[in-house]
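Let's take a walk through this protein chain, one piece at a time. Have a look at the model first, and then we'll start with a word you'll need along the way.

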Amino acid sequence: MVPLWSLSSHIQHHKDEDLTHPEKDPECYYYTAKQWQHFPQLFKGIVRISNTFSGRLILGPPLDIIATIRSAIRAFITGDHPAIAMWLVHFGLLGLLFYWMAGYGISAIFYILVISYPALSLTKVRSFFEHRAAENSAARSTLNEAAWPWRLLFLNLNYHLVHHDLPALPWYGLRRIYLESRVQYQHRSEQFVVNGYTEWFEAFVFTALEIEIHPFYDSENKAPAEERLHTVIDRGNGHTESL
């Protein structure tokens with residue numbers, strides 16, 4: 001069951017001007033320099049492992065689960081009444097789901113470990129490197145020309161820039177729109193194009209993306225232009241290098 005809070009969180013994620021901003025994009029994998037400086041070495045190591053393709057599939061789900069639990073606890077501690085109401089509804093519906101499954105001999109533990117966890121892990125294939133830091137907001141979302149089984153599994157969200165452009169477009173229209181304007185979309189994305197998920201697997205199965213400190217943002221605001229000019233993004237593999 002998808003938590004009800006994820007809808008508002010995803011709407012926030014679709015504010016492309018804030019896409020990949022460590023403190024404004026709830027689906028961001030980047031951190032500010034200030035955040036990174038205060039992380040313990042163990043957590044930094046976990047982040048680096050989770051920035052490999054294999055690590056993301058293994059560690060991504062528990063990290064998401066921990067973040068979700070922390071969000072729920074924070075809502076109750078701070079007295080966020082709308083969030084509390086949402087969580088109570090969610091937990092109630094989740095309890096009903098587990099009760100219904102128990103009637104068919106499916107335990108909650110089985111559902112979580114054998115169905116939910118692997119399913120959440122699969123979503124990490126699609127989202128592994130679907131966003132990157134870039135000055136141009138259109139260049140922050142990937143265009144993954146995946147094979148049809150992956151396209152069907154992910155409902156064409158591999159054409160992620162198209163999805164961000166047209167979030168209300170039904171999933172079956174994403175590929176058509178992309179193919180009709182393929183050259184234009186690739187130009188707008190500054191060639192943030194991937195030739196299927198195998199490309200990510202081969203490049204990053206045990207090699208980490210350099211998605212740690214965001215190159216353009218400080219701990220509060222966007223860095224001044226003269227500072228941002230000292231960093232460029234390798235458009236192909238996520239590595240950064242100084243000019």
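"Buried" here means under 20% relative accessible area, while exposed means over 50% and partly exposed is in between, using a 1.4 Å probe and protein chains only. Helices (H or I, at least four residues) and strands (E, at least two) are DSSP runs, numbered from the N terminus. With that in hand, look at helix H11, where Tyr197, Trp200 and Phe204 are buried. Seen down the axis of H11, the buried residues fall within an arc of 60°, so they line one face of the helix; the arc is that of the directions from the helix axis to the C-beta atoms. An α-helix has 3.6 residues a turn, so residues three or four places apart point the same way.

A note on what you're looking at: this is a predicted model, in which local features need pLDDT of at least 70 and side-chain atom pairs count only at pLDDT 80 or more, while totals for chains, interfaces and linings use all residues. Residues are numbered from 1 along each chain as its sequence is written, and side-chain values use heavy atoms, with hydrogens and water left out.

Now for the wider view. The chain has twelve helices and four strands, and buried residues make up 37% of its 243 residues. Contact means heavy atoms within 4.5 Å. Among contacts between residues at least 6 apart in sequence, 60% join residues at least 24 apart.

Back to H11 and its neighbours. Its buried residues pack against helix H4 (53-78), H6, strand S1 (143-144), helix H7 (148-153) and strand S2 (193-194). They also lead us to the nonpolar cores, each a set of buried Ala, Val, Leu, Ile, Met, Phe, Trp, Tyr and Cys residues joined through side-chain atoms within 4.5 Å. In the largest core, which has 18 residues, Phe53, Phe128, Phe129, Tyr197, Trp200 and Leu209 touch the most other members. H11 (residues 197-204) gives the most to this core, with three residues. A second, separate core has nine residues, including Ala138, Leu143, Leu161 and Val162.

Let's stop at one of those core residues. Phe128 sits in the loop between H6 and S1, and is buried at a relative accessible area of 1%. What does Phe128 touch, not counting residues up to four places away in sequence? The list is Asn51, Thr52, Phe53, Arg56, Trp200, Phe204 and Leu209.

Next, see how some helices meet. Axes are lines fitted to C-alpha atoms, for helices over the stretch in contact, and angles run from 0 to 180 degrees between N-to-C directions. Helix H5 (residues 81-102) packs on helix H6 (residues 108-127) at about 100°, with their axes 9 Å apart. That makes H5 roughly perpendicular to H6; angles of 65 to 115 degrees count that way, under 35 is roughly parallel, over 145 is roughly antiparallel and the rest are oblique. Leu97, Phe98 and Met101 of H5 make the contact with Ala108, Tyr111 and Ile112 of H6.

Helix H3 (residues 41-50) and H4 pack at about 125°, their axes 8 Å apart, and are therefore oblique to each other. Here Ile46, Ile49 and Ser50 in H3 meet Gly55, Arg56, Leu59 and Leu63 in H4.
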